Every structure is written in structure tokens, then in C-alpha cells.
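Here's a quick tour of some aromatic contacts, nonpolar packing and strand pairing. Have a look at the model first, then read on.

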Amino acid sequence: NVRYRLRVYNPGALSLPDLDFGIVSGTILSGGTGVAGALVSAPGAQPQYTNGSGYFALFLPAGSHTVTATLVGYQSVSFPVSVGSGQDVSVAPVNMNAAPRFNSFPAPTAKAYSLYTYTPAVVDPEGDSYTFSITGKPGWASFSTVSGQLSGRPVARDIGKYGPITITVRDSKGASNSISFNIMVTEGSGGGLPGIFMLLLK
């Protein structure tokens, strides 16, 4: 025989947490277009991803919160919200600044006595102005913070590997993007000997 033991609990003896929640919803935009796949989060809430139109809805405890939206390639944005118990709050559209993007990549090799040059092709989705910076620049090269152009003419003593070289583009709102690469300088023809011979012939 199977015996069952039944225990009866007094429901009044159980204490349930205070379930005071509200819903905060809105749209994340960039350049007037909805941003899909942005992670929207706040302390005490289950993070949500925006849909194809940039829409999100967070289930938040009643009170004041800071909501943050993040997505790779965009500048994170935070904004304050307040919601009451059972309240449905719709916030104004929130703009995320998209970082400038590199559409070209530098050549990995350079020849001694030949001009090496790389000028980045960059697109900023919102049309913001931008500037460039560099780390790891080879001593034989020059760099423009306006155009991002890296150029120079290495010689025999410069043969070898240079890197990592990192070029960063930053827009006027602070969003940035970077590329890192190496340059291998190999042997090339030149060195000034033809010029010396021509001088001697004269």
C-alpha cells in the first residue's frame, strides 16, 4: 500500500514580496531610424533587446531608474525614468550616436624606397564631422589627423615589421572606431645610387 502524508499550511503565515511594478517603453533611434538589437537594461529589470523598429518595453519596479541602451558600433546612452505601480510610461525617442566606420584597410607591405600611403575611407551614419589619431606610427611615416592619411618612404634601414599600428576615428559627439594592422617593409630598388651616378656623369 502507498501512504500519503498531507500537510496543510496556513496561507496567512506566508509573506509575499511587494510586487509594485510598472512598464517603461520607448524607441531607440539613430539618424531618425530605429536601432534593432540594442540591449536596453536597468537595475532590477530583465534586459530586453530592441526589435526591428527600435522598440523596447521594460518591466520595472516602481520608482526612479536609469535606463541604458548599448550596441556594438554605437555610443552607449543612458536616461532617467520614473514609473509607478501599475503605470505604463512611454518615453520620448532616444537617440544613439553611431560610430564612424572604416570602409577600407591598409596594405600590409611596403617596399624600401617606394612611397607607402594609406588614406582611410570613412563613413559616419549621421554625417558627423570626425578626426583621426594614431598609435604605433612607424618613424619613417607621417600622419594627418584631418584625413587620417599615413604615408612615408622607407629606406633599407627600415626593413622589418611595424605594428601594431592603430588608427582611430572619432566623431564630434565622441563615438569612435579603430583599426589595427601591421606593415612589413621589404627590400626594394633604390637607395640613391642612380642619382649619384648621374651626378658623376655630369
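F181 is buried, with a relative accessible area of 6% (buried means under 20%, exposed over 50%, partly exposed in between, using a 1.4 Å probe and protein chains only). This is a predicted model, in which local features need pLDDT of at least 70 and side-chain atom pairs count only at pLDDT 80 or more, while totals for chains, interfaces and linings use all residues. Residues are numbered from 1 along each chain as its sequence is written, and side-chain values use heavy atoms, with hydrogens and water left out.

**Aromatic pairs**

Searching the whole structure turns up seven aromatic pairs. Here, rings of Phe, Tyr and Trp (its six-membered ring) pair if their centres lie within 6.5 Å; planes under 30 degrees apart are stacked, over 60 edge-to-face, and the rest tilted. Two of the pairs look like this:

| Pair | Centre to centre | Angle between planes | Type |
|---|---|---|---|
| F56 and F79 | 6.4 Å | 50° | tilted |
| F105 and F181 | 6.2 Å | 70° | edge-to-face |

F56 sits in strand β5 (residues 55–61) and F79 in strand β8 (residues 77–83), so their pair ties together parts 23 residues apart in sequence. Strands here are DSSP runs (E, at least two residues), numbered from the N terminus. Both F56 and F79 are buried.

What about F105, buried or exposed? With 54% relative accessibility, F105 counts as exposed. F105 lies in the loop between β12 (101–102) and β13 (109–111), and F181 in strand β20 (residues 176–186), so this pair ties together parts that are 76 residues apart in sequence.

**Nonpolar cores**

A nonpolar core is a set of buried Ala, Val, Leu, Ile, Met, Phe, Trp, Tyr and Cys residues joined through side-chain atoms within 4.5 Å. The largest one has 20 residues, and V24, I28, F56 and L60 touch the most other members. At least two residues come from each of β1 (21–30), β5, β6 (63–70) and β8, with β8 giving the most, four residues. Skipping neighbours within four places in sequence, V24 is in contact (heavy atoms within 4.5 Å) with residues including F56, L60, V81 and V91. Apart from this core lies another, of 18 residues, with A110, A141, F143 and F181 among them.

**Strand pairing**

Strands pair if DSSP finds at least two bridges between them. β6 and β8 run antiparallel and are joined by seven bridges; in one of these, T66 has P80 of β8 as its bridge partner. Strand β3 (residues 39–41) also pairs with β6 in the antiparallel sense, over three bridges, and L39 stands opposite T70 in β6.
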